[in-house]
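Look through the model below before reading on. The text then goes from ring pairs to a helix and on to a sheet.

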Amino acid sequence: MPVHNSDIAAIFNQVADLLEIQNANQFRVRAYRNAARTIGGLSQSAADMVKRGEDLSKLSEIGKDLAGKIEEIIKSGKLPLLEDLKKELPIELSNLMKISSLGPKRIKALHEKLGISTLDELAKAARDKKIREVDGFGEKTEESILEEVGKIKGVKERIKLVEAEQIAESLIDYLKKAKGIKDIAAAGSYRRRKETVGDLDILVTHKKDSDVMDHFTKYEDVEKVVSKGKTKSTIMLRSNFQVDLRAVA
């Protein structure tokens with residue numbers, strides 16, 4: 001399973017979020033956030049660096065311990081520390097950290113008092129006027145939450161071009177192995193070399209007996225197959241990045 005820099009950064013940020021909600025040592029929380037920023041900003045693949053035997057601990061904000069954890073993620077796609085944290089707190093709680101009017105302590109209070117774990121549950125509780133029943137929360141907080149959740153839901157997250165390149169290169173190499181593939185190219189904002197990319201559009205031409213759509217939807221990094229057809233399919237990767245494939249015979 002390909003592991004991209006964005007995958008590693010996402011795991012480190014989730015660890016930092018859950019540790020912060022648990023009121024863990026702030027230096028430890030900051031270490032994971034800084035490491036996520038370093039890996040997310042690399043111009044080359046951390047996985048490739050490990051393959052070449054490079055010492056990741058020499059990178060800014062990455063010590064021996066974090067370098068070892070990065071190698072664990074690259075080898076298995078997972079981090080045992082995050083899996084342990086997920087047993088104590090739902091991973092979805094990390095999404096609540098996007099709400100500026102909520103800090104770690106307030107998120108923990110809402111989770112313990114109202115069982116809120118997701119943005120949808122948070123919005124429903126605000127609409128039902130349940131949040132104001134928790135100590136320290138009021139009507140204005142509910143209004144702020146509904147406004148912020150609406151903005152988050154309405155904005156598609158974009159990733160840096162360098163991250164999109166790593167995803168695109170791995171996926172295109174994989175698609176070239178499909179039966180009957182002739183030509184393949186990335187399109188959209190990626191092809192135009194925009195600074196950030198909202199999703200990835202890939203175009204292929206193929207022979208009539210091609211199995212490209214089956215091959216595409218079986219990519220090992222797929223989290224969800226959004227749609228599948230003869231000429232267009234859409235997948236969501238583990239990093240929550242959307243890829244559309246359009247095929248022409």
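**Rings, a helix and a sheet**

Phe12 and Tyr32 are both buried, where buried means under 20% relative accessible area, exposed over 50% and partly exposed in between, with a 1.4 Å probe and protein chains only. The model is predicted, so local features need pLDDT of at least 70 and side-chain atom pairs count only at pLDDT 80 or more, while totals for chains, interfaces and linings use all residues. Residues are numbered from 1 along each chain as its sequence is written, and side-chain values use heavy atoms, leaving out hydrogens and water.

How many aromatic pairs does the model hold? The count comes to 2. Rings of Phe, Tyr and Trp (its six-membered ring) pair if their centres lie within 6.5 Å; planes under 30 degrees apart count as stacked, over 60 as edge-to-face and the rest as tilted. The Phe12 and Tyr32 rings have centres 5.5 Å apart and planes at 75°, so this pair is edge-to-face. It links distant parts of the chain: Phe12 belongs to helix α1, Tyr32 to helix α2 (residues 26-40), and 20 residues separate them. Helices (H or I, at least four residues) and strands (E, at least two) are DSSP runs, numbered from the N terminus.

Tyr174 and Tyr219 make a tilted aromatic pair, with 4.9 Å from centre to centre and 50° between the planes. This pair also joins distant parts of the chain. Tyr174 sits in helix α9 (residues 161-175), and Tyr219 in the loop between α11 (212-217) and β5, 45 residues apart. Tyr174 and Tyr219 are buried.

Two rings have a charge over them. A charge sits over a ring if NZ of Lys or CZ of Arg is within 6 Å of the ring centre and within 35 degrees of the ring normal. Arg106 lies over the face of Phe137, 4.3 Å from the ring centre. Arg193 has its charged end over the ring of Tyr190, at 5.4 Å from the centre.

Now return to helix α1, which spans residues 5-21 and holds Asp7. Asp7 counts as buried because its relative accessibility is 6%. What does the side chain of Asp7 reach? It reaches the backbone nitrogen of His4 at 2.9 Å. This is a polar contact: a pair of N or O atoms within 3.5 Å, where within protein one must be able to donate a hydrogen and the other to accept it, and residues adjacent in sequence count only if both atoms are side-chain atoms. Not counting residues up to four places away in sequence, Asp7 touches Pro2, Arg238 and Ser239. Contact means heavy atoms within 4.5 Å.

Ala16 is also in helix α1. Its relative accessibility is 0%, so Ala16 counts as buried. Beyond its neighbours within four places in sequence, Ala16 is in contact with Val29, Tyr32 and Arg33. Ala16 and Arg28 are 12 residues apart in sequence, and their C-alpha atoms are 8.0 Å apart in space.

The sheet comes next. In which order do its strands run? The 5 strands form an open sheet in the order β2-β4-β7-β6-β5, with mixed pairing. Two strands pair if DSSP finds at least two bridges between them. β2 (181-187) and β5 (222-228) stand at the edges, each with a single partner strand, so one side of each has no neighbour in the sheet. Neighbouring strands are turned by 20° against each other on average, direction ignored. Axes here are lines fitted to C-alpha atoms, for helices over the stretch in contact, and angles run from 0 to 180 degrees between N-to-C directions.

β5 pairs with β6 (residues 232-237) in the antiparallel sense over 5 bridges, and a hairpin of 3 residues joins the two. Val222 has Leu237 in β6 as its bridge partner, and Lys224 has Met236. β6 is largely enclosed by the rest of the structure, because 5 of its 6 residues are buried.

β6 pairs in turn with β7 (residues 242-248), antiparallel over 5 bridges. Ser233 is bridged to Leu245 in β7, and Ile235 stands opposite Val243. The β6-β7 hairpin has 4 residues between the strands, and Asn240 in the turn has a positive phi of about 70°. β4 (residues 200-206) and β7 run parallel, joined by 6 bridges. Here Ile202 stands opposite Leu245 in β7.
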